[in-house]
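The notes follow the order in which I went through them.

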Amino acid sequence: MVQISPSVISGDMAFLGQAAREAEEAGADMLHVDVMDGCFVPNITIGPGTVAALRNVTKLPLDVHLMIESPERYVEAFAQAGAGIITVHVEATRHLHRTIQQIHGMGVKAGVTLNPATPVSTLEEILPYVDMVLVMSVNPGFSGQKFITGSIGKIARLRRMMEERRAVRPIEVDGGINAEIARDVVRAGASILVSGSWLFRHPEGLKAGVEELRRAAMMAHATQV
Ligand code: DX5
Ligand code: ZN
């Protein structure tokens with residue numbers, strides 16, 4: 001099964017609650033929430049208060065992507081805010097295993113993510129401890145960037161590594177996703193698709209976008225390599 005996680009910050013930031021509700025009504029499976037600190041990435045978005053506010057307006061699991069330096073400082077706050085899964089960057093924390101334990105200790109699922117230049121091999125030891133791996137297919141910081149094509153091979157290598165290590169986890173992909181690229185990343189092994197600008201700016205609306213993405217992904221899933 002392929003899941004769709006619309007990136008809510010691509011909606012109108014003055015009406016985030018409305019964007020979250022629209023994503024739910026459009027049939028999304030999760031809501032991707034991009035947290036940026038102006039330090040790990042050159043942009044600032046939202047914090048735990050906004051995540052808690054979103055928690056009140058949607059039933060969708062909140063897929064919280066922390067693009068922040070030393071995320072262990074804020075794990076508790078985001079868990080209490082109602083995150084369903086907290087994903088941290090391997091590049092942002094010195095003690096990744098401890099941070100993953102900390103997230104699980106709060107009763108929340110833990111994901112780990114890689115910047116485009118970070119090799120899949122950095123996950124070898126942590127893989128058995130995580131619930132999901134997120135492959136960044138753009139450099140984090142902004143919506144609306146172009147998909148980095150090397151991400152397709154990276155997803156395939158990650159999938160192979162998971163199988164060899166008998167630690168198969170859902171692979172999420174984030175950045176520059178549209179229906180056409182969705183086919184390629186799903187064929188390579190991804191099963192959770194984040195999409196921001198393409199979905200929220202779909203000419204026929206968010207619901208049509210989610211349906212188009214799901215259709216493309218389902219067809220590709222059937223022919224997964
Ligand atoms: C990038 C964020 C992404 C981004 C997705 O730093 O992590 O989630 O908002 O937006 P699009 O789909 O427009 O690349
Ligand atoms: Zn993201």
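**Shell of ligand 1**

I began with the elements around ligand 1 and noted that β2, β3 (62–67) and β8 (192–195) each supply at least two residues of its shell, strands here being DSSP runs of E of at least two residues and helices runs of H or I of at least four, numbered from the N terminus. The strand that gives the most to this shell is β2, with three residues. The model is predicted, and I kept in mind that local features need pLDDT of at least 70 and side-chain atom pairs pLDDT 80 or more, whereas totals for chains, interfaces and linings use all residues. Residues are numbered from 1 along each chain as its sequence is written, chains are lettered from A and ligands numbered from 1 in the order in which they are written, and side-chain values use heavy atoms, with hydrogens and water left out.

I then listed the surroundings of ligand 1 and found 19 residues, the closest being Asp34, Gly141, Asp174, Gly196 and Ser197; a residue is near if one of its heavy atoms lies within 4 Å. For polar contacts (pairs of N or O atoms within 3.5 Å; within protein, one must be able to donate a hydrogen and the other to accept it, and residues adjacent in sequence count only if both atoms are side-chain atoms), I noted an oxygen atom of ligand 1 at 2.6 Å from a polar side-chain atom of Asp174. A polar backbone atom of Gly196 is 2.8 Å from an oxygen atom of ligand 1, and a side-chain N or O atom of Ser197 is 2.5 Å from an oxygen atom of the ligand. Ligand 1 taken alone exposes 380 Å², of which the protein buries 100%, the areas coming from the Shrake-Rupley method with a 1.4 Å probe.

**Zinc site**

Which residues donate to the zinc ion (ligand 2)? I found His32 (NE2), Asp34 (OD), His65 (ND1) and Asp174 (OD), at 2.0 to 2.3 Å, donors being N, O and S atoms within 2.8 Å of the metal (3.2 Å for Na, K and Ca), with water not among the atoms, so sites may look incomplete. The arrangement is octahedral because the six donor atoms subtend angles of 68 to 168°; for six donors the term requires opposite ones over 155 degrees apart and all others between 65 and 115. His32 lies in strand β2 (residues 31–36) and Asp174 in strand β7 (residues 171–174), so the pair ties together parts that are 142 residues apart in sequence. His32 is buried at 0% relative accessibility and Asp174 at 8%, where buried means under 20%, exposed over 50% and partly exposed in between (1.4 Å probe, protein chains only).

**Single residues**

I looked next at Ser7, in the loop between β1 (3–6) and α1 (16–25), which is buried at 3%. Leaving aside neighbours within four places in sequence, Ser7 has contacts (heavy atoms within 4.5 Å) that include the zinc donors His32 and Asp34, as well as Gly196.

Finally I checked phi. Most residues other than glycine have a negative phi. Ser70, in the loop between β3 and α3 (75–80), has a positive phi near 45° and is partly exposed at 24%. Arg166, in the loop between α5 (150–164) and β7, has a positive phi of about 50° and is exposed at 77%.

Key
Four donors count as tetrahedral if all angles lie between 85 and 135 degrees; four count as square planar and six as octahedral if opposite donors are over 155 degrees apart and all others between 65 and 115; anything else is irregular.
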